[in-house]
Amino acid sequence: MKTKHQGSCLCGNIRLEATGTPSSIVACHCKDCRKHTGAPVAVFVDYPKSQVRFMGEHLDQYESSDGVYRGFCKTCGSTMTYQGENLPDMVHIHLGVFDHPDTFKPTEDENTQSKLPWVCILGP
Ligand SMILES: [Zn+2]
Ligand SMILES: [Zn+2]
């Protein structure tokens, strides 16, 4: 039986369950992710859509640039997902959404040209 990973927004109105091992776990240092999360860096757990089930309230989407959709809970404001038309079969879930985020560890940095100088995710 495959491992199931549960997650939710802060208020719990939107819940999700991801099944199995993610395709990748990536730390993104771009400005848009920083703005959307309010955090210095966004860490995404990437799953094929077929392995993720959403439950509860509707996940609202904000189109932050052409074909890029950022999912959030309209009740509590939690940032939850990133979906891009360039990878239509994938859903990128913010690490902090998961009930046990310690299960996941990023293996890759993205957009490091915009990285804040004091942020150290994968370094020593
Ligand atoms: Zn919520
Ligand atoms: Zn980003």
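Asn111 is partly exposed, with a relative accessible area of 31% (buried means under 20% and exposed over 50%, with partly exposed in between, for a 1.4 Å probe and protein chains only). Asn111 is found in the segment after strand β10; strands here are DSSP runs of E with at least two residues, helices are runs of H or I with at least four, and both are numbered from the N terminus. The backbone of Asn111 also deserves a look: its phi is near 55°, a positive value in a residue other than glycine. Most residues other than glycine have a negative phi.

This is a predicted model, in which local features need pLDDT of at least 70 and side-chain atom pairs count only at pLDDT 80 or more, while totals for chains, interfaces and linings use all residues. Residues are numbered from 1 along each chain as its sequence is written, chains are lettered from A and ligands numbered from 1 in the order in which they are written, and side-chain values use heavy atoms, with hydrogens and water left out.

## The seven-stranded sheet

Let us turn to the sheets. Seven strands form an open sheet with mixed pairing, in the order β6-β7-β8-β9-β4-β3-β10; two strands pair if DSSP finds at least two bridges between them. At the edges stand β6 (60-65) and β10 (108-110), each with a single partner strand, so one side of each is left without a neighbour in the sheet. From one strand to the next, the twist averages 30° (axes are lines fitted to C-alpha atoms, and angles run from 0 to 180 degrees between N-to-C directions).

Inside this sheet, β3 (residues 24-28) runs antiparallel to β4 (residues 42-48), and five bridges join the pair. Ala27 has Val43 in β4 as its bridge partner.

## The three-stranded sheet

A second open sheet has three strands in the order β1-β2-β5, with antiparallel pairing. Its edge strands are β1 and β5, each of which pairs on one side only, and the twist averages 20° from one strand to the next. Strand β2 meets β1 over five bridges in the antiparallel sense, with Ser8 opposite Arg15 in β2. Five bridges also hold β2 and β5 together, again antiparallel, and there Ile14 stands opposite Gly56 in β5.

The two strands β1 and β2 make a hairpin with five residues between them, and Gly12 in the turn has a positive phi of about 85°.

## One salt bridge

How many salt bridges does a search of the whole structure find? The search finds one, taking a salt bridge as a side-chain nitrogen of Lys or Arg within 4 Å of a carboxyl oxygen of Asp or Glu. Glu17 and Arg53 are the partners, and their closest N and O atoms are 3.6 Å apart. The pair links distant parts of the chain, since Glu17 in strand β2 (residues 14-19) and Arg53 in strand β5 (residues 52-56) are 36 residues apart.

The two ends have their own surroundings. Glu17 is buried at a relative accessible area of 12%, while Arg53 counts as partly exposed at 46%.

## The largest pocket

The largest pocket has a volume of about 240 Å³. A pocket is an open set of points on a 1 Å grid over the protein atoms alone, where a 1.4 Å probe fits and protein lies on both sides within 12 Å along at least five of seven lines; lining residues have an atom within 4 Å of a point. Grid points are joined across faces, edges and corners, and the volume is the space filled by probe spheres set on the points.

Of the 14 lining residues, Asp46, Tyr82, Leu87, His92 and Glu110 are the closest to the centre of the pocket. The elements that give two or more residues to this lining are β3, β4 and β9 (90-94), and β3 gives the most, with three residues. By class, the lining has eight nonpolar, four polar and two charged residues (Ala, Val, Leu, Ile, Met, Phe, Trp, Tyr, Cys and Pro count as nonpolar, Asp, Glu, Lys and Arg as charged, and the others, Gly among them, as polar).

## Helix and loop

Thr37 is found in helix α1 (residues 31-37) and is partly exposed, with a relative accessible area of 24%. Between Thr37 and Phe72 there are 10.0 Å in space, C-alpha to C-alpha, and the two are 35 residues apart in sequence.

Asn86 has its place in the loop between β8 (79-84) and β9, where it is exposed at a relative accessible area of 65%. The C-alpha atoms of Asn86 and Gly7 are separated by 25 Å, and these residues are 79 residues apart along the chain.
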